[in-house]
Amino acid sequence: KALKLSPIFILILRSFIMKVRFPLVTFISVFMLSTLTGCYQQLEVIDIRDFSEVQIGLNGLKSNLDVNIYNPNFFPIQLSETEISLRVRDVDAGDVSLLEGIKLGARDTVLVRFNVETRDGAIAEILKADVFNFLKGADIPFSASGKIIGKSWGITVEVPLEHSQNINLRN
């Protein structure tokens with residue numbers, strides 16, 4: 001036999017569900033978010049290789065920077081942007097950027113290639129500030145500093161990056 005519910009009982013049940021729905025959904029959402037963020041481990045920069053394929057010309061300096069990044073988490077992370085500045089002493093020389101978005105698999109190490117490029121006029125500003133060292137053939141100290149930004153399940157992930165290297169602009 002089918003169970004017949006009275007219309008009054010159905011109205012009371014619907015009213016109860018409507019009152020409990022918002023707090024229940026809120027509780028489940030907060031619980032899931034706190035569980036997911038509690039499981040997150042910081043990404044690790046394993047290895048930074050020196051600037052490679054350096055091209056110096058009238059338009060400035062172009063290069064690549066290869067970085068091995070390890071994802072110790074049990075979920076993938078999509079790296080999508082950078083906030084990394086290229087500096088020579090006190091001169092803001094340019095930016096380090098991702099060529100394309102990179103997916104770091106769960107518990108995986110990935111070689112990420114960054115594009116290094118000086119801004120217009122930066123080389124002239126660097127040489128002007130350091131003309132005597134340039135004439136002596138001394139190396140110029142370039143440094144990249146900032147963070148790599150990614151996301152996983154709507155949570156923003158940031159990885160700090162620091163690298164310094166001396167480059168001879170005369171070669």
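What follows is a set of questions and answers about a predicted model.

Me: Before we start, how are residues numbered, and what pLDDT do local features need?
Reply: Residues are numbered from 1 along each chain as its sequence is written, and side-chain values use heavy atoms, with hydrogens and water left out. In this predicted model, side-chain atom pairs count only at pLDDT 80 or more and totals for chains, interfaces and linings use all residues, while local features need pLDDT of at least 70.

Me: Happy to begin with helix 2: which of its residues are buried?
Reply: Buried here means under 20% relative accessible area, exposed means over 50%, and partly exposed lies in between (1.4 Å probe, protein chains only). Helices (H or I, at least four residues) and strands (E, at least two) are DSSP runs, numbered from the N terminus. Helix 2 spans residues 122-129, and its buried residues are Ala122, Ile123 and Ile126.

Me: Why do the buried residues of helix 2 line one face?
Reply: The arc is taken from the directions that run from the helix axis to the C-beta atoms. Looking down the axis of helix 2, the buried residues line one face because they fall within an arc of 100°.

Me: And which exposed residues does the face of helix 2 turned away from the buried side carry?
Reply: The buried side is covered by elements including strand 3 (60-71), strand 4 (77-88), strand 5 (91-98), strand 7 (108-118) and strand 8 (140-152). On the face turned away from it, the exposed residues are Ala124 and Lys128.

Me: Now the strands: how many bridges join strand 4 to strand 8?
Reply: Two strands pair if DSSP finds at least two bridges between them. Glutamate 81 has isoleucine 149 of strand 8 as its bridge partner. Strand 4 and strand 8 run antiparallel, and the number of bridges joining them is 10.

Me: Which residue in the turn between strand 8 and strand 9 has a positive phi?
Reply: Strand 8 pairs with strand 9 (residues 155-167) in the antiparallel sense, over 13 bridges. Phenylalanine 142 has glutamine 165 of strand 9 as its bridge partner, and serine 143 stands opposite serine 164. The two strands form a hairpin with two residues between them, and the turn residue with a positive phi of about 55° is tryptophan 153.

Me: What is the C-alpha separation of glycine 101 and glycine 150?
Reply: Contact means heavy atoms within 4.5 Å, and leucine 79 touches residues including Gly101 and Gly150, not counting residues up to four places away in sequence. Glycine 101 lies in the loop between strand 5 and strand 6 and is partly exposed, with a relative accessible area of 45%. The two glycines are 49 residues apart along the chain, and their C-alpha atoms are separated by 8.9 Å.

Me: Which backbone nitrogen does the side chain of threonine 118 reach?
Reply: Threonine 118 sits in strand 7 and counts as buried at 5% relative accessibility. Leaving aside neighbours within four places in sequence, its contacts include Asn59, Leu86 and Ile123. At 2.9 Å, its side chain reaches the backbone nitrogen of leucine 61.

Me: Which residue meets glutamate 53 in a salt bridge?
Reply: A salt bridge is a side-chain nitrogen of Lys or Arg within 4 Å of a carboxyl oxygen of Asp or Glu, and the whole structure has six. Glutamate 53 is exposed at 52% relative accessibility. At 3.5 Å, N to O, its partner is arginine 113.

Me: How far apart are the closest N and O atoms of arginine 49 and aspartate 47?
Reply: Arginine 49 counts as partly exposed at 38% relative accessibility, and aspartate 47 counts as partly exposed at 30%. They form a salt bridge, with the closest N and O atoms separated by 3.7 Å.

Technical notes. Polar contact = N/O pair within 3.5 Å; in protein donor to acceptor, adjacent residues only side chain to side chain.
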